[in-house]
Amino acid sequence: MAKENQGSKEIDYNHLLSEISSVLRNDKSPGLGPGLLSGKTGIALFLLNYSNFSKESSKDVARATQYITEVFDSIKKGYNYPTFCDGISGYLWFLDYLAKKEFLDQEDVSITNELETLVANQMTESLKEGNIDFLHGPLGLSVFHIAKSNSKNKIQILSEFINILESIARPDTNDSLKWLVPIDEKGGTGISNGIAHGAPAIILALSKCSEIPELRQKSLSLLEKAVRNFYIIKNNHRNEQRWFPNLLYETGEIVEGNRLAWCYGDLSIAYSLLVASERLQDNKLKELSLELLTELSHLKSRKDNTIGICHGFTGISYLFYKAYSLSKKEEFKLASEFWINQNLIHISQELARFKSGDNLDLSKTNLINGFAGIGLVILTFMHPEISDWDECLLL
């Protein structure tokens, strides 16, 4: 559907995408970083996908190409920050994505092969230290290796990733496993229940690994034990406001948060468990995840008007869209439409503010929090065939 009613205003998806493209092409704010989720690479991802449908395709491609070249040049000059959100592993994922889409030749991508070893080594060393972060740690680095095509060492690297992941887990009751991480500045540790930084990212990464034949058995065995811990958390800590706390200290203390978001909360967990239920062929788990998703689909308000994927309306809408794609439950489709429609007027207002210079916060342009990610989501609603970009969000 290309047009949606928002009060007395009719907002055209095509016009909105054109506005997003124009802002991203023409923005000359200094200080924009190279990151896939946080900077130039993510903006290039949107512009190249949108160029297939844009009336100004050549301008979109030109700006995307400029950003791709600028990031590559910075890497050649020594930039080697490894993370998926901000660093070279996200850029390597992007180059592999471009090769698959035939935007680039495999020969063009092969010149970055030496960086793969750097990313793999950083992934294993960081994981051994107990880091399970997706945005800024080894779970993000694994996404590049999971998606990588034509890699001689892919199975070896990911097999080691799974082995280390199992070795750093803590056993819990009912033959389950949990991963404890630092969750405050005073040395407190506990379970982090969000895709961005915690256990749901493990669920999604293992689910993706299980699609690789050589890793299937090992991945599913660990995935099953990881899933069991969510039953324990639900049974011990569910209340009337939410099923799962955002953070659960080892001592039992709880940190609450918003139920609806991509980064944390019940929605991200429910979606992750739905994906796992498909891979494990676990009907009980599927029923649990669908029950929670159905409950969440009835929620119609939030405390803020954040627009992006990570914390905002767009991420909520897209997770319900993905849940609908897996389950074909109509209420999830309706929830997705509701939340994106709630967001449209706010997106238009933020675009106008950015163009006027009232709000030049660079996070407003990026994939994880800003216009590039919003554009990719709306473009996917209109053209579902491009949805594989969302691998970079572990979806």
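This is a predicted model: local features need pLDDT of at least 70, side-chain atom pairs count only at pLDDT 80 or more; totals for chains, interfaces and linings use all residues.
Contact here means heavy atoms within 4.5 Å. Helices (H or I, at least four residues) and strands (E, at least two) are DSSP runs, numbered from the N terminus. Buried means under 20% relative accessible area, exposed over 50%, and partly exposed in between, with a 1.4 Å probe and protein chains only.

Residues are numbered from 1 along each chain as its sequence is written, and side-chain values use heavy atoms, with hydrogens and water left out.

Let us return to H11. This helix, residues 266-280, has 15 residues and reaches 20 Å from its first C-alpha to its last, close to the 21 Å expected at 1.5 Å a residue. The expected span is 1.5 Å times one less than the number of residues. How many of its 15 residues are buried? Twelve are, so that H11 is mostly covered. Among the buried residues are Asp266, Leu267, Tyr271 and Ser277. Just after the helix, glutamine 281 takes a positive phi of about 55 degrees.

I turn now to the protein as a whole. The protein has 15 helices and eight strands. Its C-alpha trace spans about 55 × 55 × 40 Å along the principal axes. A compact globule of 395 residues would have a radius of gyration near 21 Å, and the 20 Å of this protein agrees with that. The radius is taken over C-alpha atoms, and the globule rule is 2.2 Å times the number of residues to the power 0.38. Buried residues make up 58% of the 395 residues. Of the contacts with a separation of 6 or more, 65% are between residues 24 or more positions apart.

Next comes the interior. In soluble globular proteins, nonpolar side chains tend to be buried together. A nonpolar core is a set of buried Ala, Val, Leu, Ile, Met, Phe, Trp, Tyr and Cys residues joined through side-chain atoms within 4.5 Å. The largest one here has 136 residues, and those with the most contacts inside it are Leu37, Trp93, Trp262 and Trp389. Beyond its neighbours within four places in sequence, tryptophan 93 is in contact with residues including Leu36, Phe84, Val143, Trp389 and Cys392.

Cysteine 392 counts as buried, at 0% relative accessibility. A disulfide is a pair of cysteine sulfur atoms within 2.5 Å. Cysteine 263, buried with a relative accessible area of 8%, has its closest cysteine sulfur in cysteine 310, at 4.1 Å, again too far for a bond. A search of the whole structure finds zero disulfides.

Four strands form an open sheet in the order S5-S6-S7-S8, and the pairing is antiparallel. Strand S5 (181-182) and strand S8 (254-255) stand at the edges, each with a single partner strand, so one side of each has no neighbour in the sheet. Two strands pair if DSSP finds at least two bridges between them. S5 is joined to strand S6 (residues 189-192) by two bridges, and valine 181 stands opposite glycine 190 in S6. The hairpin of S5 and S6 has six residues between the strands, and in it glycine 187 takes a positive phi near 95 degrees. On to strand S7 (residues 247-249): three bridges join S6 to S7, and the bridge partner of isoleucine 191 there is leucine 248.

I close with two individual residues. Threonine 306 is found in the loop between H12 and H13. Is threonine 306 buried or partly exposed? With a relative accessible area of 30%, threonine 306 is partly exposed. Leaving aside neighbours within four places in sequence, threonine 306 is in contact with His311, Gly312, Phe313 and Asn343. Serine 126, in contrast, lies in helix H6 (residues 113-128) and counts as buried at 10% relative accessibility.
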